[in-house]
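Subject: Handover of a structure and notes on its fold

Dear colleague,

Please find below the structure that I am handing over to you. My notes on it come after the sequence and the coordinates.

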Amino acid sequence: REFAHNVELPPYYENSIIRFIHFKFSDVNRISSFSQATDLLQDIPLSLKSKMIVSLSSQIINRIPFFAGRPAEVFLKYVPLLHAQYFNQHDLIFQEGEHAEEVYFICSGKCCFVDDQGNVLSTHENGDFIGFEEVLDSTWRQRNLFAKEATSFLSLIHI
């Protein structure tokens, strides 16, 4: 129950997990260590795991318009592969000529593409995603990208 409360799992899924635990173990109190709890989570039926992933990922999904309206299979495939990255103001995120390996989903802050003379070509903010076409086409970065302010991303490495 503590885990479900901490991750704000909807009551329906919490109850499903409790029913599963009661079904699997006659004495729920036998789960006394983290490793036993981890083993239990690995034994949860795939359908319930999938529902939990979608539920737990909803906060992430709702912050990224790219995922809006996509089927749950997309979440189940890609959300576990997302990595949080943070950049301070003026940090170089990537530079022209680098091989494109990641798509960046902006969660907060702003970043901008800058030319060699330091001119801002475009600015991107919360909800935008960057690098999709370059990664899809397996090409090189065409411009430098800097954090205009403290910026957080979820990145997806090309798979």
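This is a predicted model: local features need pLDDT of at least 70, side-chain atom pairs count only at pLDDT 80 or more; totals for chains, interfaces and linings use all residues.

Residues are numbered from 1 along each chain as its sequence is written, and side-chain values use heavy atoms, with hydrogens and water left out.

Overall make-up

The chain contains six helices and eight strands; helices (H or I, at least four residues) and strands (E, at least two) are DSSP runs, numbered from the N terminus. In order from the N terminus, the elements read α-α-α-α-α-β-β-β-β-β-β-α-β-β. Of the 159 residues, 36% are buried, where buried means under 20% relative accessible area, exposed over 50% and partly exposed in between, with a 1.4 Å probe and protein chains only. The accessible surface amounts to about 10000 Å², and carbon and sulfur atoms hold 53% of that surface; the areas come from the Shrake-Rupley method with a 1.4 Å probe, and for residues only the protein chains shown count as cover. Among contacts (heavy atoms within 4.5 Å) with a separation of 6 or more, 66% are between residues 24 or more positions apart.

The two sheets

Two strands are taken to pair if DSSP finds at least two bridges between them. S3 (residues 102–108) is joined to S6 by two bridges, and Tyr104 has Ile130 as its bridge partner in S6.

Another open sheet of four strands, also with antiparallel pairing, has the order S2-S7-S4-S5. Here the edge strands are S2 (92–94) and S5. S2 is connected to S7 (residues 144–147) by two bridges, with Leu92 partnered by Phe146. Five bridges link S4 (residues 110–114) and S5 (residues 120–125), and Val114 is bridged to Val120. The hairpin of S4 and S5 has five residues between the strands, and Gly118 adopts a positive phi near 90 degrees there.

Nonpolar cores

A nonpolar core is a set of buried Ala, Val, Leu, Ile, Met, Phe, Trp, Tyr and Cys residues joined through side-chain atoms within 4.5 Å. The largest has 14 residues, of which Ile64, Phe66, Phe67, Leu82, Phe105 and Leu154 touch the most other members. H5, S3 and S8 (151–157) each supply at least two residues of this core, and S3 contributes the most, with three. A second, separate core of 11 residues includes Phe94, Ile106, Phe113 and Leu145.

Leu82 lies in the loop between H5 (72–78) and S1 (83–87). With a relative accessible area of 12%, Leu82 is buried.

Cysteines

The disulfide count is zero, a disulfide being a pair of cysteine sulfur atoms within 2.5 Å. For Cys111, the nearest cysteine sulfur is that of Cys112, 7.1 Å away. Cys111 is buried, because its relative accessible area is 0%. Cys107 also counts as buried, at 9% relative accessibility.

Yours sincerely
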